[in-house]
Amino acid sequence: DMNTMPDMVIKQEIYAEFLDDSGVVFRGIRDVCNATPQPPKSGHLYVMGVDLAKVQDYTVITIYDRTNNKQVYQERFNKLEWPYHKAKIIESAKHYNDALVVLDATGLGDPIADDLIRAGIAIEPFKLTNTTKKEIIEKMSIWIDQHKISMINLPETITEFTSFTYDVSS
């Protein structure tokens, strides 16, 4: 469906145009990094994405206002024990009007999700597979391309999105 394809996909796949940054998945990321951190607003619904990591990578908490898809909060931390991760997720979710927490419940996230549910947090566990990962990447690419999302302008966000590559053959 041409209406849901990002412009760069149409240009590359349909019109066979060679794009300079063809390895880049998320073009125009700088254009959508125009949100600023915001406190929770009364009556607003929030969704919180949690990417868990214990040792090497960073655990990242991102919170979006569901009324306008603007990011209102982000925090990154690493090398901390699980009780801290759980406490931080609970505190952040409660602070943002009992935000719905979406987290990868594949592997290490599964027992964390169970503990958060027991703590009364609204959890949407998500099993990450090659298919779901591809769907998330495509949706995010389209939303960025169509300016349907606004992210907080953080250097690490821009670096991660501009250096992100994806092997479509997998």
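Are Tyr 73 and Tyr 96 buried or exposed? In this predicted model, in which residues are numbered from 1 along each chain as its sequence is written, local features need pLDDT of at least 70, side-chain atom pairs count only at pLDDT 80 or more, and totals for chains, interfaces and linings use all residues. Side-chain values use heavy atoms, with hydrogens and water left out.

Tyr 73 is buried, as is Tyr 96, where buried means under 20% relative accessible area, exposed over 50%, and partly exposed in between (1.4 Å probe, protein chains only). A search of the whole structure finds 5 aromatic pairs, counted when ring centres of Phe, Tyr and Trp (its six-membered ring) lie within 6.5 Å, with planes under 30 degrees apart called stacked, over 60 edge-to-face and the rest tilted. The rings of Tyr 73 and Tyr 96 have centres 5.8 Å apart and planes at 50 degrees, so this pair is tilted. Because Tyr 73 lies in strand β3 (residues 70-77) and Tyr 96 in the loop between α3 (82-95) and β4, the pair ties together parts that are 23 residues apart in sequence; helices (H or I, at least four residues) and strands (E, at least two) are DSSP runs, numbered from the N terminus.

The rings of Phe 77 and Tyr 84, with centres 5.3 Å apart and planes at 90 degrees, form an edge-to-face pair. Phe 77 is buried, with a relative accessible area of 6%, whereas Tyr 84 is partly exposed, with a relative accessible area of 37%. Phe 26, Phe 161 and Phe 164 form one aromatic cluster.
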